[in-house]
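Reader: Hi! Could you walk me through this one before I set up my calculations?
Author: Happy to, here it is.

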Amino acid sequence: MPLHPQARAVLDQFAGAPPLDLATIPATAVRAWFDQMSQPRTLEPVDEVRDVAAPGPAGDVPLRLYRPASDEPLPAVVYFHGGGFVIGSLDTHDGTCRALANASGCAVVSVGYRLAPEHRFPAAPEDCWAALAWVAKEGAALGVDGARLAVAGDSAGGNLAATAALLARARGGPALRHQVLIYPVTDHAFDTPSYRENGEGYFLTGAMMRWFWQQYLEDASQGADPLASPLRATDLAGLPPALVVTAEYDPLRDEGEAYAARLRAAGVPTELRRFPGQIHGFFSMFDAIDDGRAAIESAGRMLRAALHAP
């Protein structure tokens, strides 16, 4: 279908900003630009918001807990923010995590994993798994039931949610009940039809994705590692049920949908929702794009069903 009018309005706003020359500016400047651009217009109230930390492989991993009101331990969604493994933070996804906590009725634990290029692969997936394992073990101190866990993330965070599920399977836990992958990065490749169709003009570009991958990997050969490219994992059996969300005008559309197909072929219950007319990032643009709110509510319903059962 045609580009959604609300997505077009967002793109028109971005068009008025100075262009970024990724070949000449440092990652720190790109982060500053993204931090400014990502400030939400409104923040939903949540009963408790608290910054904590989990021990990681190279020091403490910052976490932010969002907990709806409850007298009982809540199931938890461990959330990994997007940003191409280079940008993004607990703050840029504050609004998204608040909204997801309210939609799901679950505690959300947002993870401030190490970023590239200062910390290249596999720093991010190792931090994410360490944070997940800590929440499972120490959840009682957070008012969280560590036996009722899911992972979720958008874009690069969707990649990290998928790889956290792979690591949990490989390392004997924690047990996960669900995974929510929002337009996930799943493959170090740029050859899909959606890259050719949507690689320019729709917020996330093919050039940006190449730059992100260059910052993330020490060497391009690491792109074949399933912890960098979960689509290349030889076996996806035994992973938790999944919701995969994609956007029609997104260069990552096809690799996200290919991962959903691989999950289904491996016997993993998987729901794929493509949002027609939408662009990459719409999930976190829910204050400007109604489909973002619809996607958050859809994810919330599936997380409620998966995690609120005894």
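Predicted model: local features only at pLDDT ≥ 70, side-chain atom pairs only at ≥ 80, totals over all residues.

Reader: Okay, strand β6 then. How many of its residues are buried?
Author: Five of its five residues, 178-182, are buried.

Reader: And which residues sit on which side?
Author: His 178, Val 180 and Ile 182 are on one side, with Gln 179 and Leu 181 on the other, and both faces are covered. In a regular strand the side chains alternate between the two faces of the sheet.

Reader: Nice. How does β5 pair with β6, parallel or antiparallel?
Author: β5 (residues 144-154) pairs with β6 in the parallel sense, over five bridges.

Reader: What about β7, how many bridges join it to β6?
Author: Four, and these strands also run parallel. Val 244 in β7 stands opposite Leu 181.

Reader: Switching topic: which residues have the most contacts inside the largest nonpolar core?
Author: Leu 63, Phe 80, Val 135, Tyr 216 and Tyr 259, in a core of 65 residues. Helix α5 gives the largest share of this core, nine residues.

Reader: What does Tyr 259 touch?
Author: Leaving aside residues up to four places away in sequence, its contacts include Ala 162, Leu 166, Leu 181 and Pro 230.

Reader: And which residues are in the second core?
Author: That separate core has 39 residues, among them Ala 247, Met 285, Leu 303 and Leu 307.

Conventions
Residues numbered from 1 in each chain as written. Heavy atoms only, no water. Buried < 20%, exposed > 50% of the residue type's maximum accessible area, 1.4 Å probe, protein only. Helix = DSSP H or I, 4+ residues; strand = E, 2+ residues; numbered from the N terminus. Pairing = 2+ DSSP bridges. Core = buried A, V, L, I, M, F, W, Y, C linked by side-chain atoms within 4.5 Å. Contact = heavy atoms within 4.5 Å.
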